[in-house]
Amino acid sequence: MCDSKDEDTVREVSAPWIAQYVNLCKDNEPRIREGTQKALRSYLNRVQRNVAPFLKRFFAHWFVAQYDTHPPTASVASSTFEVCTSIYLYGFNWNLNLILC
């Protein structure tokens, strides 16, 4: 959904989506947790620096997801985290789909 909608529309649904993200990070099914991390990557690609007001709500779950027992989930979370932190630190272009695919 994030890839096909404009940034303003995605920003409007940020608060409820972040709440769902937090709940889905705690799911027992590994494939759901993996999909949740992929959705986060898509979300961050669309909202870019406008995520700052919401970062406090989901950062801990995103950080812990890097150490998930399901390797693909941990891999997606780690790669997204590394790219996003390097973007914040060094100001690179926000195109996670090209970098992570």
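This report walks through the helices, salt bridges, surface patch and a few spatial neighbours of the structure above.

## About the model

This is a predicted model, in which local features need pLDDT of at least 70 and side-chain atom pairs count only at pLDDT 80 or more, while totals for chains, interfaces and linings use all residues. Residues are numbered from 1 along each chain as its sequence is written, and side-chain values use heavy atoms, with hydrogens and water left out.

## Overall fold

Let's begin with the big picture. The chain has six helices and zero strands, and its elements run α-α-α-α-α-α from the N terminus on. Helices here are DSSP runs of H or I with at least four residues, strands are runs of E with at least two, and both are numbered from the N terminus.

Of the 101 residues in the chain, 39% are buried. Buried means under 20% relative accessible area, exposed means over 50%, and partly exposed is in between, using a 1.4 Å probe and protein chains only.

## How helix 2 packs

Helix 2 (residues 14-25) has two partners to look at. With helix 3, the axes come within 9 Å and cross at roughly 155°, so helix 2 and helix 3 are roughly antiparallel to each other. With helix 4, the axes of the pair come within 10 Å and cross at roughly 15°. That angle makes helix 2 roughly parallel to helix 4. For reference, axes are lines fitted to C-alpha atoms, for helices over the stretch in contact, and angles run from 0 to 180 degrees between N-to-C directions. Angles under 35 degrees count as roughly parallel, over 145 as roughly antiparallel, 65 to 115 as roughly perpendicular, and the rest as oblique.

Handedness can be stated for each pair: helix 2 passes helix 3 in a left-handed crossing, and helix 2 passes helix 4 in a left-handed crossing too. A crossing is left-handed if the near helix is turned anticlockwise from the far one by less than a right angle, and right-handed if clockwise.

## Three salt bridges

The structure holds three salt bridges, each defined as a side-chain nitrogen of Lys or Arg within 4 Å of a carboxyl oxygen of Asp or Glu. One of them joins Asp68 and Arg33, at 2.7 Å from N to O. Asp68 lies in the loop between helix 4 and helix 5 and Arg33 in helix 3 (residues 30-47), so this pair ties together parts that are 35 residues apart in sequence. Both Asp68 and Arg33 are buried.

Another salt bridge links Glu34 with Lys38, whose closest N and O atoms are 3.3 Å apart. Glu34 and Lys38 both sit in helix 3, four residues apart, or about one turn of the helix. Glu34 counts as buried because its relative accessibility is 16%, and Lys38 is partly exposed at 38%. Glu29 and Arg31 also form a salt bridge, with 3.0 Å between the closest N and O atoms. Here Glu29 is partly exposed, with a relative accessible area of 31%, and Arg31 is exposed at 63%.

## A nonpolar surface patch

Phe59, Phe63, Val64 and Tyr67 make a nonpolar surface patch of about 430 Å². Patches are made of residues with over 30% relative accessible area and no salt bridge; like charges are joined within 9 Å, and nonpolar side chains (Val, Leu, Ile, Met, Phe, Trp, Tyr) within 5 Å. The accessible areas come from the Shrake-Rupley method with a 1.4 Å probe, and for residues only the protein chains shown count as cover.

Tyr67 has its place in the loop between helix 4 (52-65) and helix 5 (71-90). Tyr67 is exposed, with a relative accessible area of 61%.

## Neighbours across the sequence

Phe81 is found in helix 5 and counts as buried, at 14% relative accessibility.

Ser75 is also placed in helix 5 and is partly exposed at 45% relative accessibility. Ser75 and Glu34 are 41 residues apart in sequence, with 9.0 Å between their C-alpha atoms. Finally, Gln48 lies in the loop between helix 3 and helix 4 and is partly exposed, with a relative accessible area of 28%. Gln48 and Cys84 are 36 residues apart in sequence and 8.9 Å apart in space, C-alpha to C-alpha.
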